[in-house]
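Subject: Structure handover

Hello,

The structure you asked about is below.

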Amino acid sequence: MDFHALRVRHNGPLYRAPMDLRLSESGPHRALLVGSCLIEGWPGVIESHPYDPCSCNYALFNNLADLPGIHRNGTLAYDVQVVQIPVRPLLPENRYFHLPYDDLASWVRLLADAKENLALLCQSVLTREFPVFVLGFLVPQQNPMGRLLPRYDLRNPVFFVEQLNIALDDELKNYPNAHFVDLDQIAASFGKRFFLDDGVIELNHAAALADSPYDLGSPRIEPIPLMSEHYELRTPEFIQAMWSEIVAMYRTLRQVDQVKLVVVDLDDTLWRGVMGDKGDDVGPEAVEGWPLGLVEALLWLKKRGILLGVVSKNDEERVANWWESVMHGRLLLEDFAFRKVNWRPKSENMGEILRDACLLPRSVVFIDDNPRERAEIQEAYPDVRVLGSHPYYVRRILLWSPETQVAVVTAESEHRTEMMLAQVQRESARRQLSREEFLEQLQIAVRVERLTTPEGPRFVRAVELLNKTNQFNTTGRRRTSEESAKALQNGESLYVFDVEDRFTKYGLVGVVWVNGPCIDQWAMSCRVLGMGVERRVMEHILGELAGEGMATVRGRIIETNTNFPCRDLYSNCEFEELETGVWTRNLR
C-alpha cells in the first residue's frame, strides 16, 4: 500500500470533502461568483481545480449592474451561484475605529445596524432560480485589543464577526435555495495564517494575502518586496479546499451516489482484536481510540437516516454475551437493522441483506479489516463501496463524505431502522401465509395527500424520497427543491402518500407528479412493495382527475438500469400500452 499517496489524498483540498465514496462525476459545470476582492482571483483556480474544475464568471459585489446574465438561450446559464458578502459595508472603519471601548451600548447598536444592512445586501444579490452558496465571514485571527481581554464580548471583533455569521445564517432561512458555507470553519481546518490578511491590513478587509504590491503611494526608500517573501502563501490551495466543500454540498443536495446502508465487520473493525481469542475477559478498553470513533460515527449516520448492518464471522450467542461489557450502552445491537453473525461466506450474508433491504449494491458501504473479505464482497458486488484498509481514515470518510450527508433530517430519517426491522418482520410473516391471507392480516392503511405549496416537512420529505429512489421510479428523473417548487407554481400536481400496517407506520413512502392528464413520474419506497399500495393510490388519483373533467389519463415509463419493479405499474392498474413507454386509461 502506498501510504504516501494516501496521505497526499487525505491531506490536500479533499481533507474536508473526501472522494472515497464517489461513484460518478456530478458536480456543477458553470458557476457565477459574486463578491469582493477576496474572491476576485478564484475563477482561475476553480477552473483548474484538480478534481472538480468548473467554468466561472465573476462579478464584483459593488458593481452589480454588471452581473452576468442568469439566462442563456432560454435556460439557466449557471448551475450554482457563489456569493461572498464583504465585511466592510457592515463594519465600516468610520464607525468602529473611534468607537469607545467602554461604551458597550454603541457596539450593540453597531451590530444591530450591521444586521439590517446584511438583510438588504442579501436581497440585492441572492437569486431564487438555482442553488446559491453564501460564504460566511472570515473571523479575525486575534482580538486586536489583546489576548487577556474577554473573548465573548461584542467589543472583541472576533466575537463581533461570529455574531455576523449567526445573523447571516438566520437571514438565509428566508431563501429556500440559499445555503450557508462556513468559510471560517474551512479556513480553521486549512490554517488562516497561510492566506488571511488581517495580520497586515485592517480586519474588516478580510481578504487573502497575495503577491501584489501593497504600497499604492510613491516608492519607499526601501522597496516593499513580494508578500510571499514575508509569509508562506497557500491561497490557491485554500481556494481549492473551499471549492471542494461547495461541490460536496452540491452533490449532497442532489443526493448523488447516496449511501443508504453501512455494513461493518466486528473483530478489528468495531473493536480491537479477535474477541473469540480473548475468552470471557473482555471490557470497554477494546473500543477506546479509533474504534470508539467509528462507533460514534455509525450513530451519527443512523440519525441521518442511514441504516446499519453487521456481517461478522463469529458465534452469534457469544457476541450477544460480550456486547454490553464491551460497549457499555454506547452502541446497541438494536441499532443495527441487519445482523448476520455466523460462519457463512460474507458475500452470501450481504446478498440476503440487499434482498431484505430492497437496496442496490451501489447504495451500500462495507467496512472490514480483512483484505480477503473485502475482495470477496467486491468481486460478488462490484458496486459496493469498500473501506477498512486503514482505520485512521474510516471515521472521517463516513462522516464528511457528501454521499453520506443529508440536506435535512426528516421524521422518517430518524426512525428508518425501526421501520426496516418492521419490514423484516413483515417479510417473515409473508413467507408463512398465502398472499391473500398476508394482505388481509396486514391491516394496511393508505393516506393520499395533494401538496399545493413547497412549504413544510412533507414537501422536503417528498423531494428526498424522489431523489433517492432508484428501483420503483418510473422515469429515474431527479428534481431539486427549486425545480419541484417551480413545477408546483407552473400548475403541476404533487401527490404524496403514507402507509401503515399492523407492524409499523412507514411514513411518507410515495411521490407522484401529475402534469395535466399525464402521470409524469411515480416513485415509491421498496419498503411497501407487494402490499398493493400502488393500486389504491392510483384509484385515488384517477378519481380526482375524473372529478376535474379529464376523460383520458396517460402514464409514462422510461426504463433505467434499475427500475424493473415499477415497469408493470400501469398494466397492473388497467392501463393499455399506447406506444413504447406510454400507457393510457379511459376514465369514462
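A salt bridge here is a side-chain nitrogen of Lys or Arg within 4 Å of a carboxyl oxygen of Asp or Glu. The model is predicted, so local features need pLDDT of at least 70, side-chain atom pairs count only at pLDDT 80 or more, and totals for chains, interfaces and linings use all residues. Residues are numbered from 1 along each chain as its sequence is written, and side-chain values use heavy atoms, with hydrogens and water left out.

Salt bridges

Side chains of opposite charge can pair when their charged atoms come close. By the rule above, the count is 38 salt bridges.

Lysine 340 and glutamate 352 form a salt bridge, with 2.8 Å between the closest N and O atoms. This pair links distant parts of the chain, 12 residues apart: lysine 340 is in strand β10 (residues 338–342) and glutamate 352 in helix α10 (residues 346–357). Helices (H or I, at least four residues) and strands (E, at least two) are DSSP runs, numbered from the N terminus. For accessibility, buried means under 20% relative accessible area, exposed over 50%, and partly exposed in between (1.4 Å probe, protein chains only). Lysine 340 counts as buried because its relative accessibility is 16%, whereas glutamate 352, at 22%, is partly exposed.

Glutamate 162 and arginine 151 also meet through their side chains in a salt bridge (2.8 Å, N to O). Glutamate 162 belongs to helix α5 (residues 157–171) and arginine 151 to the loop between β6 (132–135) and α5; the two are 11 residues apart, and the pair links distant parts of the chain. Glutamate 162 is partly exposed at 22% relative accessibility, and arginine 151 is partly exposed at 33%.

In the salt bridge between arginine 479 and aspartate 520, the closest N and O atoms are 3.2 Å apart. Arginine 479 lies in the loop between α16 (457–468) and α17 (481–489), and aspartate 520 in strand β16 (residues 518–524), so the pair ties together parts that are 41 residues apart in sequence. Arginine 479 and aspartate 520 are both buried.

A parallel sheet

Five strands make an open sheet in the order β2-β1-β5-β6-β7, with parallel pairing; two strands pair if DSSP finds at least two bridges between them. Its edge strands, each pairing on one side only, are β2 (55–60) and β7 (178–181). Within the sheet, β1 (residues 30–35) and β5 (residues 80–84) pair in the parallel sense over four bridges. Leucine 33 stands opposite valine 82 in β5.

Asparagine 314 is in the loop between β9 (307–313) and α9 (316–327). With a relative accessible area of 5%, asparagine 314 is buried. Leaving aside neighbours within four places in sequence, asparagine 314 is in contact (heavy atoms within 4.5 Å) with residues including Leu266, Asp267, Trp322 and Trp343.

Glutamine 378 is placed in helix α11 (residues 371–380) and is partly exposed, at 31% relative accessibility. Apart from neighbours within four places in sequence, glutamine 378 is in contact with Val384 and Val386. The C-alpha atoms of glutamine 378 and phenylalanine 366 are separated by 9.3 Å, with the two residues 12 apart along the chain.

Regards
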